[in-house]
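Have the coordinates open while you read.

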Amino acid sequence: MNISKWRLYMNAIVCFLGILFALPNVLDDGLLKKMPSWLPTSKVPLGLDLQGGSHLLLEMDTSVVDKTFYETLITNIQRVLSDNNIGADADDVVGNESRVMIHAEEHIPLSVSAKLKEIAKDAGVTLNFEKNGTHNDIVIGLSDAARDRLHNEAMDRAMEIVRRRVDDQGTKEISLQRSGSNRIALQMPGIQDPDYVKELLGKTVQLTFHLVDENLPEIAEGARKPHALGSVYLPHKERGRYGNMMIAIKKRAVVSGLNLKNAGISTDRNGNPAVSFEFDKIGAEEFANVTSRNVGKRLAIVLDGQVISAPNINTPITGGSGEITGNFSIEEANELSVLLKSGALPAPLHTVEEKTVGPDLGADSIKAGIIATIISIVVIMLFMFYEYRLFGFAANIALIMNLVLLIAGLSIMQATLTLPGIAGIALTLGMAVDANVLINERIREEYRKGTKILACLEFGYTKAIGTIVDSNLTTIFGGLALYVFGSSSVKGFAVTLIMGILISMFTAISLTKCIKVLYFVNKKTSDIVIP
């Protein structure tokens, strides 16, 4: 038997590390806390069906996506017209409209129309000019393909924002995937009360910065609002001087919250909880320009239609960062920082389905899965020992190590284990003996031909490897297809299946050979019996 020492050492090290990383899964949490910090303590995270939790099916209001898209586009077009001294007004935007008309009061020069067409091209819409009496209408059209692309982009963004809001630290084992064209399936293991999550996801969190209209007075809530072109009254959150008051701000935002890079909890000069924020490069430049041009004026920080704070601009703010104060509690400051970091949802999400899985049901699932796995292991080990004796004993050791290494791998990867995943483990253990059967049968064939004993052992491995690799590769390809196209529970099955097959190839080809070499190294040829 040709085998090098480094291969023996490699197998020993892999098995030792496998036992070390799998061990936390059978130890009590209290004992794990007492272990040295350098030892692995990660357990295999359990899915919703095993530890209980909540399932939410969220639906996006795509009509809001259309409306927001049109309003942004119209604002950009009106800005170009205004810069060229052309007045314009737009029809009310309806989400499902495929045509939006802007009525221009003056003739549109070719240079301006070229800029407008460039804006339309960047937005992926068609733009035409029509004569309508004394008006020059600008007709915006959105094709079905462009609308589908717009909705897909909004869904992708919404999924990422939901992930950040629910799991801002990246430590929770949530499952998030699209369901249909405008729905998101969210599974949260371990969370029995999803009301807080629904409240968190129900907020659009649109942060904008506006200049305060100093020409309009602050008024009490419910009072008659003075009219001023380009300004709007919003409630002011700050208590005390501005308690139950409304403040007038310019409609046009001077800086958008879309350029926020980070946010976190801080304290203001009085030691009260506040929220610090930091802009990206573009936002920092815009913020610096606005504060430089408006020193002495007030800048309103608006969150979801409410003025959070309206401080004076004492000096230009060129560092790209700032602070939001407003008599926050620690919980409010923490929630606001999480929402700002995650960004604004492109449209509201409505809960259309809600399910809660209790921990008792999850415990029953684990118990049933463990019983099934133990039965499969016992039956396989009895068969292998009965059929192949010593060689079957080596295969059984490899089978046990196969399970240990699989659990260790799941612990290291922090791959969530679901009920289908347990089924994948049981199936993998059943398939793990295939390679051992092939090797042992090859050895038998050579022995019957009259080949020398040690040569039989060597030929059994070399001739079986090709068949083992080919048969397992086909199963791996099938597992990859399940992982790519399957749902979250199917993905769990695919992960355990693929990982189990790769580990079984190692244990069957390399580990069993090392075990046999260590047993036969001091044996006489006449003492070796081929079962």
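Glu387, Glu441 and Arg444 are linked in a network of salt bridges, a salt bridge being a side-chain nitrogen of Lys or Arg within 4 Å of a carboxyl oxygen of Asp or Glu. By this rule the count comes to 9 salt bridges. Bear in mind that this is a predicted model, where local features need pLDDT of at least 70, side-chain atom pairs count only at pLDDT 80 or more, and totals for chains, interfaces and linings use all residues. Residues are numbered from 1 along each chain as its sequence is written, and side-chain values use heavy atoms, with hydrogens and water left out.

Here are some of the pairs:

| Salt bridge | N to O distance |
|---|---|
| Arginine 178 – aspartate 156 | 3.9 Å |
| Glutamate 445 – arginine 442 | 3.9 Å |

Arginine 178 sits in strand β6 and aspartate 156 in helix α6, so their bridge ties together parts 22 residues apart in sequence. Glutamate 445 and arginine 442, by contrast, both belong to helix α12, 3 residues apart, about one turn of the helix. (Helices, H or I with at least four residues, and strands, E with at least two, are DSSP runs numbered from the N terminus.)

Aspartate 213 also forms a salt bridge, with lysine 250. Aspartate 213 is buried at 5% relative accessible area, while lysine 250 is partly exposed at 33%; buried means under 20%, exposed over 50%, and partly exposed in between (1.4 Å probe, protein chains only).
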